[in-house]
Amino acid sequence: MKGDKANIIAVAGKGGTGKTVIASLMLKFLSENGKGRVLAIDADPATCLPSTLGVKVNKTIGDVREEIASPSGVFFSEQMPTDMLIEYKIEEITVNTPLFSVLAMGRSEGPGCYCLINDMLRHFIDKLSARFPTILIDCEAGLEHLSRRTTRDVDTMLVVSDPTKRGIDTALAIKNLAEKLQINFRHIYLVLNKVTEDEAVKNALPAMVKDSGLTLIGTVPEDENIRAYDLVGKPIIELPKDSKAVVAVKEIFEKICGG
Ligand SMILES: Nc1ncnc2c1ncn2[C@@H]1O[C@H](COP(=O)(O)OP(=O)(O)OP(=O)(O)O)[C@@H](O)[C@H]1O
Ligand SMILES: [Mg+2]
C-alpha cells in the first residue's frame, strides 16, 4: 500500500478466461485478511461479479447515468444540487456486506454525450474509493474503463489466461495495451487458469510463459466444483477452502499480499 492510497488490484484478461472467478476468490482472501473493508468494483457491463459473491445489486452506475440524463428529469431535485444527488445515488447503489462492498459499473459510457455527468460520476466514484484501503476491480474484457478512470494507478494487475499459446499471446497484448493506455501499474502478473493434468499442457507451458516475457504468479487448476457451482448459480466465494482453485488462488493472494 502506498502511503494513504488504496491498494488497487485489477483482474483483467480476455473473455471467458476466468476473471470473475479469480476476482471472487481474491476478494474472499482480501476481505478475510483483517486489513479493512474491500471495495469490489464490477467493471464488466454484464455485471456477473455480484452473483459470484452472493450479493444482489439492483442498480449500476450506468443506471444512475441514465436516470440523470433522462429527459423526464425525474432525478433532478430542487432541494438538492446535482452533484450531491450523484454522490447520494452512488452511496445508495453500493451494496455493503459485513466484509466488503460492491459497486457495479453497468453499461459503459458510450460515445460521450454525457461528459459532465461522467466527470461527476468519476469524481464521486474516486471519492467513495478513497474510503477503502483495498479495491478489487473485475475488468471487462477490454481495458477502456481503466483508461477512463481519473486515477489510473493499479498496484497489481492480474492478467488471466487459459493455458494456450494464443491465450498467453493475448495476455501479452493486454499488458502492452495497458502500457499504451498509460495505466500505471506497479506489478503485472500472468495467471494461468483452468490448467488440466494433461502432460502435453504441463510440458509446453513453461517455455511458452518464458517466451512471452510475462511473470507467472500462479496456475489455477481446472476445478470441477466451479463448474458445479456455476451450473446452479451458487456463489463462487462459498467454495470449500480445500477446493483446488481456492487453494491455488490463496497462494497467489499470499504472494501479492505477503500472506
Ligand atoms: N478454474 C476453473 N475451473 C473450472 N471452471 C472454471 C475455472 N475458472 C473459470 N471457470 C469457468 O469458466 C467460465 C468463465 O469464467 P468467468 O466467468 O470467471 O470468466 P470471465 O473471464 O470473467 O468471463 P467474461 O469475459 O465473460 O467476464 C465459467 O463458466 C466458469 O465456471
Ligand atoms: Mg467476468
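At the start of helix 3, the backbone nitrogen of G62 has a side-chain oxygen of T60 within 3.2 Å. Helices here are DSSP runs of H or I with at least four residues, strands are runs of E with at least two, and both are numbered from the N terminus. The model you are looking at is predicted, so local features need pLDDT of at least 70 and side-chain atom pairs count only at pLDDT 80 or more, while totals for chains, interfaces and linings use all residues. Residues are numbered from 1 along each chain as its sequence is written, and side-chain values use heavy atoms, with hydrogens and water left out.

Stay with helix 3, which spans residues 61-69. Its buried residues (under 20% relative accessible area, 1.4 Å probe, protein chains only) are I61, G62, V64, R65, E67 and I68. Among the elements that cover them are helix 4 (82-93), strand 4 (100-104) and helix 5 (115-129).

Next, look at two backbone angles. T47, in the loop between strand 2 (38-42) and helix 2 (49-52), is not a glycine, yet its phi is positive, near 50°. K194, in strand 7 (residues 184-195), is not a glycine either and has a positive phi of about 60°. Partly exposed means between the buried limit and exposed, which is over 50%; T47 falls there at 23%, and K194 at 29%.

Leaving aside neighbours within four places in sequence, E222 is in contact (heavy atoms within 4.5 Å) with K194, V195, T196, R227 and K244. The C-alpha atoms of E222 and T196 are separated by 5.6 Å, though the two are 26 residues apart along the chain.

Notes: Chains lettered and ligands numbered in written order. Polar contact = N/O pair within 3.5 Å; in protein donor to acceptor, adjacent residues only side chain to side chain.
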